[in-house]
Amino acid sequence: MSVTENDASIKFSELERTIFNFAHEMARTLLAETLEELSYKLHMQLDSARYENKGTRETSVHTLFGTVTYKRHVYYDHEIQGEDGKSKCVYPLDETLEMTVFQTYTEAVVETVLKRCTETSFRKAAAAVSEMTGLSVSHATAWNMFQAFGRSLSHHDRNLVEKDQQNELDGPKAVPVLFEEADGIYVPTQKRGRKEKTKEHKEIRLAVTYEGWKQQGNSGSHVLVNKHFVAGIEDSDEFNKLRAASIFQRYDMANVQFHALNGDGAMWIRIGHEGRKSIYQLDPFHWRREVLRATASKKEAAAVATMLSTGQFEQAMGRINELKYECGGEAHRVKALEELEVYLTTLRSGLQKWNKRDGQPIPEAPTGLTYRTMGTMEHHICDVLGLRMKGRKMSWSLDGARHMAKALACSMNGELSSMVGCMMAGKVTQEMAAEVTRTVDETRKRVLKRVPKVFEAHSGGWPFEKSSMTLSRRAIRDIFHIKNFTALTYH
């Protein structure tokens, strides 16, 4: 069907928005009447000798389809006294459904807001949620939700570390080789969060564990299996405790044959990683970058890197020493090469790939997995932390950076929904599940009956269609071809 300027029509987007708003209105009505019906059924079941009915009270709850206002019964419980010595005021519906919501926002709304906040700024997240739901969420509300969630994650991590310190963590899973990588990223801090001797940037630490690689289709690319991230702004001691606790929570380390760690050489990454099962690998990207910076020649850097990766350490050191004389005695070049010698000598044991070392047999990978070269941390730093926390003139308070880092790791682990569920209530007990389902169905039928019926318009054909055609009839039909039917008026 063609649409012209003379047609009395609406845009498809307007039609879509109209139906969208209508569906939200129907959902709000359905939820309000369902809650009121449940409240009445509970009212009929209560012991009138214990509970004194004080009528109904109106309240509101913010949902994905808008603010729902409803009434539920309130009682005085004569068997329980409040702090003032009077009978406690109770709401049976709230207690039955465990509707302790976050400032009257439901769990689904909070989860949606938090997910958006991990992807974009608080202001844009609030605007997006407001656009796609029937709510009006401000950026301050989104910020408050996120900080509360971040505090909950910090509390969860502290409890996890305490359990590990008391030897209460015993992971169920054993794997031949457990892989771990760690690195950090610096973010600018806000002025009000700085002290006199505090740097203007703060390091956020990130660690990831995984069990190996799995080929993705026939493309030849591989993905990491069972990735799990841990992030924080804590000092190295506290963060390493969190790393260890996270591992012991999920893995039976007594039956893990090797624990391979990849890092850039920072001391905080290597602390505590010693022992028969431990393999430390210096991150290939980082040590190759240091070689390139010091030699200042791609050709020389490639030659030195080849020697180091093939175990020809002495030859590589000899070549670096020769470069000191070949550079013409430039002080800054000589200093860079000397620092490179110290760097490589200190971390010599980690230069070779973790699975290419003499006298260290590596077990076979489990079915469906392969073992490859480690060195994916820069990619993870970018995807998990960098895209959200770097650039765009952003600066962070210490608490804000801590909360964002932990929330980003939680989201990448696929645990955001479960963590929100732990932080909030809003559950339906098993005894009430059947009753709630039945009430929802009854209310839905009752609400739909009140929807005004819409009669479909019948369309007819052109005048004199399927009739014998005369000159006068042809002239009348030609008029309809010249103008739209709605434009025809009597003069």
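Tutor: Sorted by class, the lining of the second largest pocket comes out as seven nonpolar, eight polar and five charged residues. Here Ala, Val, Leu, Ile, Met, Phe, Trp, Tyr, Cys and Pro count as nonpolar, Asp, Glu, Lys and Arg as charged, and the others, Gly among them, as polar. Bear in mind that this is a predicted model: local features need pLDDT of at least 70, side-chain atom pairs count only at pLDDT 80 or more, and totals for chains, interfaces and linings use all residues. Residues are numbered from 1 along each chain as its sequence is written, and side-chain values use heavy atoms, with hydrogens and water left out.

The second largest pocket has a volume of about 410 Å³. Of the 20 residues that line it, F122, W143, R388, S395 and W396 are the closest to its centre. A pocket, on a 1 Å grid over the protein atoms alone, is an open set of points with protein on both sides within 12 Å along at least five of seven lines, and lining residues have an atom within 4 Å of a point. Grid points are joined across faces, edges and corners, and the volume is the space filled by probe spheres set on the points.

Which elements build the lining? Those giving two or more residues are α4 (122-132), α5 (139-165) and α13 (398-412). The largest share, five residues, comes from α5. Helices are DSSP runs (H or I, at least four residues), numbered from the N terminus.

Now look at how α4 and α5 sit together. Their axes come within 8 Å and cross at roughly 110 degrees, so α4 and α5 are roughly perpendicular to each other. That label covers 65 to 115 degrees; axes are lines fitted to C-alpha atoms, for helices over the stretch in contact, and angles run from 0 to 180 degrees between N-to-C directions. On the α4 side, F122, R123 and A126 meet H139, A142, W143, F146 and Q147 of α5, contact being heavy atoms within 4.5 Å. By class, the residues of this contact are five nonpolar, two polar and one charged.

Helix α5 also holds H156. At 33% relative accessibility, H156 counts as partly exposed, that is, between buried (under 20% relative accessible area) and exposed (over 50%), with a 1.4 Å probe and protein chains only. H156 and M419 are 263 residues apart in sequence, yet 9.3 Å apart in space, C-alpha to C-alpha.

Terms used:
On a 1 Å grid over the protein atoms alone, a cavity is a set of points where a 1.4 Å probe fits but cannot get out, and a pocket is an open set with protein on both sides within 12 Å along at least five of seven lines; lining residues have an atom within 4 Å of a point. Angles under 35 degrees count as roughly parallel, over 145 as roughly antiparallel, 65 to 115 as roughly perpendicular and the rest as oblique.
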